[in-house]
Structures are given as structure tokens and as C-alpha cells.
Amino acid sequence: MRDLKNNLTSGKNIKNIQSRKGKSFGYQVLGFGAGGGASPFIVATGGTITESGNDKIHTFTGPGTFTVASAGNADGSNTVSYTVVAGGAGGGFFNGGGGGAGGFREGRTPQCSTSWAVSPLNAPAGLPVSAQGYPITVGGGGQEGSNPSSAGAVNAGSNSIFSTITSTGGGGGGTGNPPNRAGANGGSGGGGGSGAGAGGAGGAGDTPAVTPAQGKNGGLASGSTCATALIGGGGGGATVIGTEGNFPNGAPGNGNGGAGATNSINATPTARAGGGGGGKAGNPGSGGAGGTGGGGAGGKCAVGNAAGTNTGGGGGGGGKNNGGAGGSGVVIIRYRFQ
């Protein structure tokens, strides 16, 4: 028994085997350590997911949750780019002002693999995320102006929210009938309604104020003793103020909605948050054009046009009829995943 024990513990061949086992076991441990641990990139679910190069894009067209399973790190990706657009407002009734666009807020992180094109409203950085669920709110579009004397605030769009970013719903367009001719304040302001005598003021955009500004003012509506000259002011867009509603001698060219903002966060250049055009009850001329980015055109002796779905555009003002409904908003989140 003693010889057998000695052979097992001290023989030359046995030492070599033990040495190889030790090295093999050590290698396996090192190999496991090198392949384990958290991902250096964000891992997340929620919304409709697409890919562009090494980036993932989550698009929310309605309420949901952006769920982060792994937050990544600074060597890979731990911040996200975002575009948050609120619901646009409805246009006003009868020579009504165009609805203001929903607030437009955007930030791009340099950690994205592709430097996608930003709008003039781009914030200097994206948002850091942690392993948790982020509830997403996508604002609905405001209702069309259907009451001859209702205030523009009745037609407001709803807010969109992601994390610390809130975009404010658009301000409703004013009605052509007193006492509520003024457009309402909002992410972008509603256009004023037009009537005999004094026209309504445009609503203020970027309300409440953020940096960069989330939208522009609505256009003033000029009053007139000539019924054919009346037209509502254009709703404000994300980047351009709504045009004044004033048709001198019936000549066309005013009451247009302000232009929205264009970026390519979803890998395709897309305009959003255009203001609605002012409505016109008489001839000649036409209702104001909707702003680029989903804004609805103003009606000419007709109902205002609705804004585009998930654009945050403002609805067109009504001619002798109702205004158009505002467009719902959208939330888009982008980050590097590999």
C-alpha cells in the first residue's frame, strides 16, 4: 500500500499529468472570465425595433415601455439618441387659425455608429439610461374646432414623454367668431382666427420654454371689412412661425402653417411637427397651406384638413366649417448595439 501511495503522489509521470490538469483548469477559468460579464452595449426592448448599421431604433407610435436589460458602458454605448414629438392641435372653426404643431425635442449621442442627420433643434447630447423600464407616452392629436365660440385651448394636442424629456402638445387654432379669436399657446402656437374688425393673435410657441426651443409662434389673423379677405393665421411649426392670415384684396399667399423639423433618426430623412394652415370662408384665393411635416391645409369654404398621423402636425383651420384634427405624436429612440 505504501508503494502504491508513493507512486500516485510522487511519480514523474503523475506530476506531469497533474501539471497539465492544473494548467487546463486555469485556462478554462480565464476563458470563462473573458467571455462573461455585462454587455458593453445597451440591450433593450419595446416599440417597433429596426436596425441601421450597428444601431437599433425603437419607434413608439402609441404608449409602451422602453425596457433596458443592460445599460452598457462608456466604452460601448450607455446613452441613447431620441426624438420626442407631441400631438399637434386641431384647427379653429370658421376662418379659423391653423393648429400649432406638437413640441419637437431631439438629442443625438456620439455613441451611435452612424452620425445621422439632425434638425436645427438638436440638443448637444443624448440621454444616459440604466437597467429599468421607461414608460413612453405618445401624445394624441387635438380635436377639430367645431364650436363657433370655443377657445383654441380646447383643441390642444397632448404631451409626449420619454424619461426626462417632455414635449408639449400644440396650441389650438382660434375661431373666427368672438370672443376667442386668439390662438392658444403650446409646443407651437395656434394661429389666430379671422373676423370682421380685429383678428386674433397667434399663440406663443415653446410653452413652457426649453433649450433648444421646441416650437414657434402661431400667425396673427388680420381683421377686415371685406369678407373675401378673411383667413385665419397659420399654426406655428417646429422651426418656422405661422404666416399671418391676411389676404389683401383676396390675393392668395398667406395663412400658411410653419414648417416642421427634419431628421433621419429612423434612417430616412423625415419631416415632423408642421403647423396647420388657416381657414378661409370666402373667395377668391385658398386656405393656407399646411407646414412641411404633417400640417393640414386650411379649408376654403370647407372643413379644414386633418394633420398626418404620428407627425405631430397641426390641423388646418376651417373655412365655413370645422377645423381639422391634429396629428398624433411619436417617440423614437436610437443607440449602438454592437
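A: Let's start with strands S6 and S7, which pair in the parallel sense over 2 bridges. Strands pair if DSSP finds at least two bridges between them, and strands themselves (E, at least two residues) are DSSP runs numbered from the N terminus, as are helices (H or I, at least four). In S7, the bridge partner of Gly107 is Ala123. What you're looking at is a predicted model, so a pLDDT of at least 70 is needed for local features and 80 or more for side-chain atom pairs, while totals for chains, interfaces and linings take in all residues. Residues are numbered from 1 along each chain as its sequence is written, and side-chain values use heavy atoms, leaving out hydrogens and water.

S6 has another partner too: strand S5 (residues 79-85) pairs with S6 in the antiparallel sense, over 4 bridges. Gly107 turns up again here, as the bridge partner in S6 of Tyr82. Now, which way do the side chains go? In a regular strand they alternate between the two faces of the sheet. Phe104 and Glu106 point one way from S6, while Arg105 and Gly107 point the other way, and all of these are buried. Buried means under 20% relative accessible area; exposed is over 50%, and partly exposed is in between (1.4 Å probe, protein chains only).

Step off S6 and you're in the loop between strand S6 (104-107) and strand S7 (122-123), which is where you'll find Gln111. Gln111 has a relative accessibility of 17%, so it counts as buried. What does the side chain of Gln111 reach? Another is the side chain of Thr79, through a polar contact of 2.8 Å. (A polar contact is a pair of N or O atoms within 3.5 Å; within protein, one has to be able to donate a hydrogen and the other to accept it, and neighbours in sequence count only if both atoms are side-chain atoms.) Leaving aside residues up to four places away in sequence, Gln111 touches Asn73, Ala74, Gly76, Ser77, Asn78, Thr79 and Arg336, where touching means heavy atoms within 4.5 Å. Elsewhere, Arg108 lies over the face of Trp116, at 5.9 Å from the ring centre. For that to count, CZ of Arg (or NZ of Lys) must be within 6 Å of the ring centre and within 35 degrees of the ring normal.

Strands S3 and S14 (residues 330-336) run antiparallel and are joined by 6 bridges. S3, which covers residues 55-60, is also joined by 5 bridges to strand S2 (residues 48-52), again antiparallel. Ile49 stands opposite His58 in S3. S2 and S3 form a hairpin with 2 residues between them, and Gly53 in the turn has a positive phi of about 65°.

The structure holds 1 salt bridge, meaning a side-chain nitrogen of Lys or Arg within 4 Å of a carboxyl oxygen of Asp or Glu. Arg334 and Asp55 are both buried.

One last stop: the rings. A search of the whole structure finds 5 aromatic pairs. One of them is Phe66 with Phe162: the ring centres are 6.0 Å apart and the planes at 85°, so this pair is edge-to-face. (Rings of Phe, Tyr and Trp, the last by its six-membered ring, pair if their centres lie within 6.5 Å; planes under 30 degrees apart are stacked, over 60 edge-to-face, and the rest tilted.) Phe66 is in strand S4 (residues 64-71) and Phe162 in strand S10 (residues 160-162), so the pair ties together parts that are 96 residues apart in sequence. Tyr134 and Phe162 have ring centres 5.9 Å apart and planes at 65°, so they are edge-to-face. Ring pairs link Phe66, Tyr134, Phe162 and Tyr335 into a cluster.

To set all this in context, the protein has 2 helices and 14 strands, and 49% of its 338 residues count as buried.
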